[in-house]
Amino acid sequence: MRLVILDNYDLASEWAAKYICNRIIKFKPGQDRYFSLGLPTGSTPLGCYKKLIEYHKSGNLSFKYVKTFNMDEYVGLPRNHPESYHSYMWNNFFKHIDIDPNNAHILDGNAADLQAECDAFEEKIKEAGGIDLFVGGIGPDGHIAFNEPGSSLVSRTRLKTLAMDTILANAKYFDGDLSKVPTMALTVGVGTVMDAREVMILITGAHKAFALYKAIEEGVNHMWTVSAFQQHPRTIFVCDEDATLELRVKTVKYFKGLMHVHNKLVDPLCSMKEGD
């Protein structure tokens, strides 16, 4: 497990974007070899997506041979609703890059058979050869995707009832009106994300500090589902200074002492144009 600590949100976003970029380029995707990327929604990854769009527009990064799998989607919210995760992904990322729409996989929260939709999503991941890199964010209560406290740490993609804390946190996207916030969602399971070959979790802001403490310094606990990734062979937590406020000083010093190693993963940004 690695913990990468950057000074602020913008630098954490840039580090994460560079890491994703380097992973795709070094993979050398092609027509018969797609890179599979798991993606989150929410406010935390927006800076990362902005940077990835910049790399694409500068001609340095292509998503032509990338397949994406999003973590979750609300149940019952129309696909074209401004707060659906379909809308979020297309407005904030997909429409700005060269990904084939057929390769951008997002759960359908309006499917006639929701369990069949979840099963089909798992099958699509298998058909793609599994996820090469799953990027995630967390809530203040340590949930990843919509795997709320108490979720099974071996869970698969399924229908999930949202915790009140999550509903309250998401109310800001629905004019603060709790009655408008969906109460159920389709979500990948903790086990689904754990199956990825590599996991990168973005954690920024003081309001996520206790969750990071639970993820890093305490044991694996299904009440803090992000803690499961202590047991993944290749997990990187990327955070800003504010998110470290609950960590022990020696923990922060230890991981900062490894930053010279971490920065070799992204700096300098590898030569990304084909043929370089």
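In this tour, a residue is called buried under 20% relative accessible area, exposed over 50%, and partly exposed in between, with a 1.4 Å probe and protein chains only. The structure is a predicted model, in which local features need pLDDT of at least 70 and side-chain atom pairs count only at pLDDT 80 or more, while totals for chains, interfaces and linings use all residues. Residues are numbered from 1 along each chain as its sequence is written, and side-chain values use heavy atoms, with hydrogens and water left out.

**The annotated domain**

Begin by selecting residues 15–232, which an unreviewed UniProt entry lists as "domain: Glucosamine/galactosamine-6-phosphate isomerase"; such annotations may be inferred rather than shown by experiment, and the positions follow the numbering used here, with feature names shortened. Over this range the chain is 31% helix and 15% strand, and the end C-alpha atoms are 21 Å apart. Helices (H or I, at least four residues) and strands (E, at least two) are DSSP runs, numbered from the N terminus.

**The sheet**

Next, display the strands. An open sheet is formed by 7 strands in the order β1-β10-β9-β6-β2-β3-β5, with parallel pairing; two strands pair if DSSP finds at least two bridges between them. At the edges stand β1 (2–6) and β5, each with a single partner strand, so one side of each has no neighbour in the sheet. Select β10 (residues 235–240) together with β9: these two pair in the parallel sense over 5 bridges. Here M200 stands opposite I236 in β10.

**A residue in a loop**

Now select T225, in the loop between α7 (209–216) and β10. Is T225 buried or exposed? T225 is buried, with a relative accessible area of 0%.

**Salt bridges**

Side chains of opposite charge can pair when their charged atoms come close. A salt bridge is a side-chain nitrogen of Lys or Arg within 4 Å of a carboxyl oxygen of Asp or Glu, and the whole structure contains 12 salt bridges.

Select R79 and D108, whose side chains meet in a salt bridge (4.0 Å, N to O). R79 lies in the loop between β4 (72–74) and α3 (85–92), and D108 in the loop between β5 (104–105) and α4 (114–127), 29 residues apart. R79 is partly exposed, at 48% relative accessible area.

Move to R156. With E122 it forms a salt bridge whose closest N and O atoms are 3.0 Å apart. E122 belongs to helix α4 and R156 to the loop between β6 (133–137) and β7 (158–161), so the pair ties together parts 34 residues apart in sequence. E122 is buried at 11% relative accessibility, whereas R156 is partly exposed at 33%.

R156 also forms a salt bridge with D195, the closest N and O atoms being 2.9 Å apart. D195 sits in the loop between α6 (190–194) and β9 (199–203), 39 residues from R156, and is exposed at 51%. Finally, select R23, E198 and R234, which are linked in a network of salt bridges.

**The largest pocket**

End with T41, G42, S43, N170 and Y173, which lie nearest the centre of the largest pocket among its 31 lining residues. On a 1 Å grid over the protein atoms alone, a pocket is an open set of points where a 1.4 Å probe fits, with protein on both sides within 12 Å along at least five of seven lines; lining residues have an atom within 4 Å of a point. β4, α3 and α5 (164–170) each supply at least two residues of the lining.
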